[in-house]
Amino acid sequence: MHFTAALLLEHPDHGLQQELVQRLTDMIEAGSADLVLPVVARDSELGEALLGNVISSLERRVLQMKENWKGNLVVNVDADLNTNHKSPFINAKEQPQVDFDALKNTFSFLRQLLASGYSNGPLQQIFDASVTCMGASDEGTCMAARGTFSVLLSQMGELQTDQLDLLWIFTKQLIRSTSPFHHGVGYSLWLLWSTKLLVPGHILADAEYWQMLQTGLRKGDGERRKQCLGIFRRSVALAVKDPSTRPLAKIYPTKSGDIHLYLELCADINLDTNIVLAQYERFCVIFETVLLGRYLNQILACKVDLDELSSSSSAVKTEWLYTLFASALTPQVQESIRKFLGNWMIDSHFQPETTEEFANFFRDVVLPWGAQGSLFTSSIKRRDDEKLVCSHGERLVGYISRVLQRAGPHASGLIDALLNILAGRRSGSFPYASVYVLEGLAQAFAASKELVLMPHQLEQVASLSAALALPEVARDFIHSRSIKLCADSAARSKNPPGAFSTVEAIQRWKRLQAELDSPGEHASLGQLDPIAAWQSEYSVRDGKEMETLEKCQTLATQLCNAVQHSPADIEALVEDIWSDVEYLEYPKKLLIKLPALFLHPRLVQVAQDSSGLAELVSSTTEKLRDLSQTRVYLLAPLMCALRHMALVSPTAMDLLPMQDIIAQYAERVPEPTVDLQLEVVSADLVKTIDPLLRDFGYEHYFGAPMSVGIAALLDLVSRLGNMDAALVRSIYDRLVQRWAKQKTPLPTVSAWKTTLQLQVMVLCCEQLVQRLTDQELLAMLKDLHYILSIEPLPRFRYLQSWMVARIYLKRQDLRQRIISELSSKDHHSNPKYLASLMKIGVMIAKLEDSDKDFAMELAARFVPLAASSKVVIRHEGQWQVPILMDLARARGWSEVFGSTALASLDGYIRSLERFDQPPLERQLDRFDPIRENTMTNLVEGTWTKLDVFDTVLCRKEDFQALDKADQDLDASRSQHHSCIALGEAPVQQLPLQPKEPDAPEEAKQELVPGTASDSRALQTKGTAYLASGIDDSDSAEVRRNDLIVVASLVDNPYNLGGLSRVSEIFAASEMHLQNHHVTGNKDFSNVSVSSHLHFPIMQLSAPNVPEYLASKKDEGWRVVGIEQTDRSVLLGSPECKLPEKVILVIGSEKEGIPALVLSECDMLVEIPQQGITRSLNVQTAAAIVLYEYTRQHRRQT
């Protein structure tokens, strides 16, 4: 062909030229364009003739495809595919076959020709053919046409209006296509022409232009959102600067007379253009940070920007903020990000303006997010007053109430949205969302006199009162709140309610008012009775439960009568009741009544003479204990019944596994389920509905609180010594065993440890000290010293020190052990232990029976301890010396306070600035073994504030409630008194240290204790090259892979150095950087070592990357990007077959790969992850992909 073309230059021959042109055209369509291009370059006349023939052939093929478009075209620019009922994807055999390979090769030739600078010829025909073929069903043809079109735009300059209109129509058709591939091509094409051309105002004024951008931002994956942001940035810049489109017309009449509402970019036409652009750029950056970057710390830093963009002075229209939140609050976004943005929206009272758009946003985005169950369950917490609250629910109530009060004429639409949520939740997955949504509506109605419920809305509210598929308290709340809302609305309205359900709801509220307003006890609505079931028809199950309650009443009557009943009769009745309870699946009302019945003193007295009844009582008690682990409302009645039984009839304890019951409660404190916690929170909300419902709180629904049960447990243990000393010893031995067998080093928090275990041990120890032999007491003391020596948690150390101090208080002969332990010269192995012993030593020295000799020996030990190299010991010694010196002066021990050395040390310590302002923890852990040896201090002393790993389980008031409940047991209680007094509640006012602001909940991470490895390998140089078959000598030539690494998008020199290193290690043929001068940067060379000297480092600017990739694809290279999108394949999966001749594109550290570059990528890969951290460093990610490439295409020399 070269020879023939050369002859034609010397001897022109028209016939030969035509034949040559056809042969060259055939070569182009066969894929040999690289051989043809040099021929064209030498002969312009031949080139023009060839181009004309190629275009003619192309037009014929395109015309054939358009005439038979079904099966060949997914999108036909000349036809509206949406009008066809049949899918365009039909059997190809029904239509003439189109040679797609010829089309692909033709477009490849044209692209290369245009890229070489050729700007003459029929560009319009190429334009038309490219547009048509981008709708081809063959993906290769589509991409080849797009590549040609991209270069063509650069050659054509600005397009005519009809060409731009055609482009916009075709782009919309592609995006509307049901083919995911062509849908993506549509956005890629849109980005291409919107960034290269000047988009005219009439296209920017098309509402669909902006609506499709919103759809892409809301529903697209990462790649689609990057494309839309690129289009958006360019479009905003054009629209804002063009007076005809700034602001965009709100109302535009169409030819058909319809009215279209268009989006405004800026309401204030006089606002400075630069300000508008700057604020829209801030919006784009926030969108990228939230939806593309997704690093929580960066998102938290966006709060100020969100505040600014949502303010009334913002130039950014609210529709775009709605788009941001609608995109971010979907389940596909990680939970912590959704929680932060949703909470910001609620806390900032986000309601820029109440329009139809906001109403839709509120209905479609805010409510579905806010009603998620996980948000309620994860925000249950105790306030400082120990009241259980659901913080998300409370915030949602406030937000809904504020939104409705500011809604004006759109309030009715918002109420409809709320009622639709409530109607959907009646039988939905999370009922407690309904509780707070309804409460928000009710609060808004009460606060705003202008708020009116329409008749259809009242009917919906009334229907809520009949909801059945709800937990008991939630159902009561919704029932009571809805019927009261109906009554309040009727009182406010001038028109009488029309619907029967509304009238019935109002009447029901009036009847409830009358019942609650009647004096005395509510005869028909007693404790544990739900409001919603009051005066309602009973179900079959309700009837069975009432029968069982009547049997319980029969048994209670028999036990209270003086008439003797046979054990067999009582056993039969007990067994019958228990069978009913199991059949009914343990209903709450029955469970709460059973302990007092089954553990009634008269019944257990009868059981002592009946083995069958005794076994039944024991088994049912154990089952009730097991049930109480999650049904915590059962703990109080069960423990109160056990305590009552033990005080009245101590011998009855032999019937029950008392050691197991007490020890298991201590080892595993019952915890309420999440559902029960939400029921408790809902009970507090019931009380707020109306003053008449003030008594319908926790105790109405669940009886005595769990804290009373814990108090009953501790009170019982404190009295056991006078009833059964062996039981006390067995409980103590069981609990102390695991503590004493711990191995060091210990984690700070161990799941099996509880404060209640140590509280029970304190009470047991108090009762055992005087009962044990010397040998047994020494063994006990040894265990306690060991436990104290290894325990890391302050609150546990406090209670362990309590036991040790009380033993030394009662056994003066053992106190010398403290002096011996403090004489240790090993300050490094266990400094906290020595610090605790110093505290205990001072406690003992302050006792009435302590003498000056003990104090003198103690002071002598403090001198070296106060100068210890270990900070913990030194500080404790310095704090204890002044206390000991004050004691010596008060008691007149001149040998102690008269010591010059001690006096000087004392004076120095008192002069320290911190001496008069001791740290809070030093004030919290003080203990007087006599005055503070009380039950109140044991359960709620200041020591409970030493850490936050546990909560106060009960208080003094709970013990007082026990005393009040069993006034008839005075005689029994006087015989079995508690081993420690109740005492007074702590009144010491401790100075509060400044509280650090809480980090957002979304930023808090769960801390999981780690374990250190037993061995650690030394770092060594890699030796894998020994197995690679590559000669390590400098003279050997490394055979490089067909692998090009493009790192032009990466800025950080440190990362670029790492990329150079891993690229060279895995034998990349070359690497491209934004600026090759970075190789001289110190950060680059520190990481790259000498890798950049061993393979080519080339310069490629970031803006030129798309064009470079397109040209390399024509040479047969495939482009692979590392990015997470919907079309990404997992590295290492069977679907991930990396091409052998590949260009690997590395995205930037923050934004990743931009949209224009993604459009050129043939394949995208992502690295599968298992941990919590969301992303890898860019050089680490590249190394993993490069390794996988070499694994798939390993070469040997």
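In helix α7, the buried residues are T141, C142, A144, A145, R146, G147, T148, F149, S150, V151, L152 and L153. The model is predicted. The cover over the buried residues of α7 includes α5, α6 (123-133), α8 (161-176), α9 (180-196) and α53 (1155-1160). Helix α7 itself runs over residues 139-156, and its 18 residues reach 25 Å from first to last C-alpha, close to the 26 Å expected at 1.5 Å a residue. After α7 comes G157, with a positive phi near 75°.

Helix α13 can be checked in the same manner. Its 21 residues, 273-293, should span 30 Å at 1.5 Å a residue, and the end C-alpha atoms lie 28 Å apart, which agrees. The residue after α13 is R294, which has a positive phi near 60°.

**The chain as a whole**

The protein chain holds 54 helices and 11 strands. Of its 1197 residues, 52% are buried. Among contacts with a separation of 6 or more, 75% join residues 24 or more positions apart. The chain exposes about 55,400 Å², and carbon and sulfur atoms supply 51% of that area.

| Helix pair | Axis distance | Crossing angle |
|---|---|---|
| α5 (residues 100-115) and α52 (residues 1105-1114) | within 10 Å | roughly 130° |
| α39 (residues 794-810) and α41 (residues 831-845) | 10 Å | about 40° |

The axes of α39 and α41 cross at about 40°, and that makes α39 oblique to α41. Their crossing is right-handed. On the α39 side the meeting residues are R797, S801, V804, A805, Y808 and L809, and they face K832, Y833, S836, I840, M843 and I844 in α41. An α-helix has 3.6 residues a turn, so residues three or four places apart point the same way.

For α5 and α52 the angle is roughly 130°, and these two helices are therefore oblique to each other. Here the crossing is left-handed. Residues S108, R111 and Q112 of α5 meet A1110, S1111 and D1114 of α52.

T323 sits in helix α16 (residues 318-328). Its relative accessibility is 0%, so T323 counts as buried. Leaving out residues up to four places away in sequence, T323 touches Q214, L217, R218 and F287. One of these partners, F287, falls within the stretch 273-293 that forms α13.

R481 belongs to helix α24 (residues 472-492). Is this arginine buried or exposed? At 10% relative accessibility, R481 counts as buried, because the cut-off for buried is under 20%. Apart from its neighbours within four places in sequence, R481 is in contact with L438, E439, A442, T688 and I689.

Q553 lies in helix α26 (residues 540-560). With 52% relative accessibility, Q553 counts as exposed, because the cut-off for exposed is over 50%. Between Q553 and L597 there are 44 residues of sequence separation, and their C-alpha atoms are 9.2 Å apart in space.

Terms used:
Residues are numbered from 1 along each chain as its sequence is written. This is a predicted model: local features need pLDDT of at least 70, side-chain atom pairs count only at pLDDT 80 or more; totals for chains, interfaces and linings use all residues. Side-chain values use heavy atoms; hydrogens and water are left out. Helices (H or I, at least four residues) and strands (E, at least two) are DSSP runs, numbered from the N terminus. The expected span of a helix is 1.5 Å times one less than its number of residues. Buried means under 20% relative accessible area, exposed over 50%, partly exposed in between (1.4 Å probe, protein chains only). Contact means heavy atoms within 4.5 Å. Accessible areas come from the Shrake-Rupley method with a 1.4 Å probe; for residues, only the protein chains shown count as cover. Axes are lines fitted to C-alpha atoms, for helices over the stretch in contact, and angles run from 0 to 180 degrees between N-to-C directions. Angles under 35 degrees count as roughly parallel, over 145 as roughly antiparallel, 65 to 115 as roughly perpendicular and the rest as oblique. A crossing is left-handed if the near helix is turned anticlockwise from the far one by less than a right angle, and right-handed if clockwise.
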